[in-house]
Amino acid sequence: MINLHSFLTYAIVMSYTPGPNNIMSMANAGSVGFKNALPFNAGVIAGFLLITILSMLFGASLYALIPSFKYVMLMAGALYMLYLAYKMLRSTGGVFAVKTKGYTFFNGFILQFVNIKVLVYCITAVSTYILPYYNSFSAFIIFPLLLSIIGGSATLCWALFGSFFRNIFTKHARAANVIMALLLVYCAISLFF
């Protein structure tokens with residue numbers, strides 16, 4: 001039987017800590033408002049759900065292949081996060097610069113396929129907490145939905161945070177950019193520790 005406390009702790013910590021989904025969600029909502037950021041968040045949740053389902057369906061074979069691809073995945077994810085940090089530092093308008101259009105559903109959906117944190121999170125959750133204990137059809141529905149609800153609630157919380165503190169972050173745009181960039185650098189470095 002699954003250790004539910006350990007599983008939920010892992011899921012909540014991984015979902016609510018800074019990562020590309022949360023930082024992009026906060027920046028997007030800070031830029032265009034919470035309501036206009038919902039399509040991006042829906043895309044994040046849909047993409048996350050698909051990644052989790054794929055991890056469930058192909059978990060055993062993916063887990064067997066991870067050691068050979070782990071370094072490449074980690075490097076690609078870290079480079080992507082460093083690229084995002086660089087773009088944030090180079091931004092002249094601030095992380096919450098006013099935009100006429102926010103990120104779309106498609107942007108949020110596709111982000112999941114290059115977000116190494118989500119890939120590692122899903123594969124680890126599936127291979128550590130789910131597949132060793134459950135192999136029923138209902139588990140292949142319930143656990144991806146549960147992980148998506150937890151992950152979706154995290155991005156929505158970060159979006160609320162971004163929209164709520166928009167004026168503060170706009171007033172202190174340079175400091176906000178540096179902090180967001182440093183959080184992305186932290187995420188990139190933490191992949192290796």
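The structure is a predicted model, in which local features need pLDDT of at least 70, side-chain atom pairs count only at pLDDT 80 or more, and totals for chains, interfaces and linings use all residues. Residues are numbered from 1 along each chain as its sequence is written, and side-chain values use heavy atoms, with hydrogens and water left out.

In soluble globular proteins, nonpolar side chains tend to be buried together. A nonpolar core is here a set of buried Ala, Val, Leu, Ile, Met, Phe, Trp, Tyr and Cys residues joined through side-chain atoms within 4.5 Å; buried denotes under 20% relative accessible area, exposed over 50%, and partly exposed the range in between, with a 1.4 Å probe and protein chains only. The largest such core contains 20 residues, and Phe 7, Phe 48, Tyr 121, Ile 130 and Leu 147 have the most contacts inside it. At least two residues of this core come from each of helices H1 (4–16), H3 (34–57), H6 (116–130) and H7 (137–164), where helices are DSSP runs (H or I, at least four residues) numbered from the N terminus. H6 provides the largest share, nine residues. Leu 147 touches Phe 7, Ala 11, Phe 48, Thr 52, Tyr 121, Ala 125 and Ile 130, leaving aside residues up to four places away in sequence; contact means heavy atoms within 4.5 Å. A second, separate core has 13 residues, including Met 26, Met 88, Met 180 and Ala 181.

One cavity of 30 Å³ or more is present, a cavity being a set of points, on a 1 Å grid over the protein atoms alone, where a 1.4 Å probe fits but cannot get out. The largest cavity holds about 130 Å³, a volume being the space filled by probe spheres set on grid points joined across faces, edges and corners. Its lining (residues with an atom within 4 Å of a point) comprises 16 residues, with Met 14, Ser 15, Asn 21, Phe 48 and Val 118 nearest the centre. H1, helix H2 (20–32), H3, H6 and H7 each contribute at least two lining residues.

Individual residues complete the picture. Phe 164, in helix H7, counts as exposed because its relative accessibility is 66%. Phe 164 and Ala 29 lie 135 residues apart in sequence but 8.8 Å apart in space, C-alpha to C-alpha. Cys 122 is buried, because its relative accessible area is 0%, whereas Cys 157 is partly exposed at 39% relative accessibility. The structure holds zero disulfides, defined as pairs of cysteine sulfur atoms within 2.5 Å.

Notes. 1 Å grid on protein atoms, 1.4 Å probe; cavity = no way out; pocket = protein on both sides within 12 Å on 5 of 7 lines; lining within 4 Å.
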